[in-house]
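Notebook open, model loaded. I'll jot down what I looked up, starting from one residue and working out to the whole chain.

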Amino acid sequence: MVEIEIGVLRSQCLDRRIDDKQTILAEVTAWQQRRNAEGAQIQWMFTTEKAREKLRKAYPVKES
């Protein structure tokens, strides 16, 4: 989820050169407040079961 939000932040807010720290902080704060007010959500593309199937080699399940 973090990577998705960073991508959205980059494309919506940080898509240009910003020379000073204060401007970046102000821009990111405004973006964050707007994003929270909109109630932004992530729509997952697959279910937990599909994720487990696809990633089973990386995250093996210990069977009892």
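I started with Ile4: its relative accessibility is 38%, so I file it as partly exposed. My scale here is buried under 20% relative accessible area, exposed over 50%, and partly exposed in between, with a 1.4 Å probe and protein chains only.

Before going on, I note that this is a predicted model, where local features need pLDDT of at least 70, side-chain atom pairs count only at pLDDT 80 or more, and totals for chains, interfaces and linings use all residues. Residues are numbered from 1 along each chain as its sequence is written, and side-chain values use heavy atoms, with hydrogens and water left out.

**Ile4 and its patch.** I placed Ile4 in helix H1, residues 2-12. For helices I use DSSP runs of H or I with at least four residues, for strands runs of E with at least two, numbered from the N terminus. Which residues make a nonpolar surface patch with Ile4? I found Met1 and Trp44 there, and the patch comes to about 370 Å². Patch members need over 30% relative accessible area and no salt bridge; nonpolar side chains (Val, Leu, Ile, Met, Phe, Trp, Tyr) are joined within 5 Å, like charges within 9 Å. A salt bridge would be a side-chain nitrogen of Lys or Arg within 4 Å of a carboxyl oxygen of Asp or Glu. Areas are Shrake-Rupley with a 1.4 Å probe, and for residues only the protein chains shown count as cover.

**Glu5 and Arg35.** Glu5 also sits in helix H1 and is partly exposed, given its 26% relative accessibility. Leaving out residues up to four places away in sequence, I get Trp31 and Arg35 as its contacts, a contact being heavy atoms within 4.5 Å. I also checked Glu5 against Ile42: 37 residues apart in sequence, 8.9 Å apart in space, C-alpha to C-alpha.

Arg35 belongs to helix H2, residues 21-38. Is Arg35 buried or exposed? I have it as buried, because its relative accessibility is 14%.

**Whole chain.** I count three helices and zero strands, in the order α-α-α. The radius of gyration is 18 Å, well over the 11 Å that the globule rule gives for 64 residues, so the protein is more spread out than a compact globule. That radius is taken over C-alpha atoms, and the rule is 2.2 Å times the number of residues to the power 0.38. The C-alpha trace spans about 55 × 25 × 20 Å along its principal axes. Of the 64 residues, 11% count as buried.
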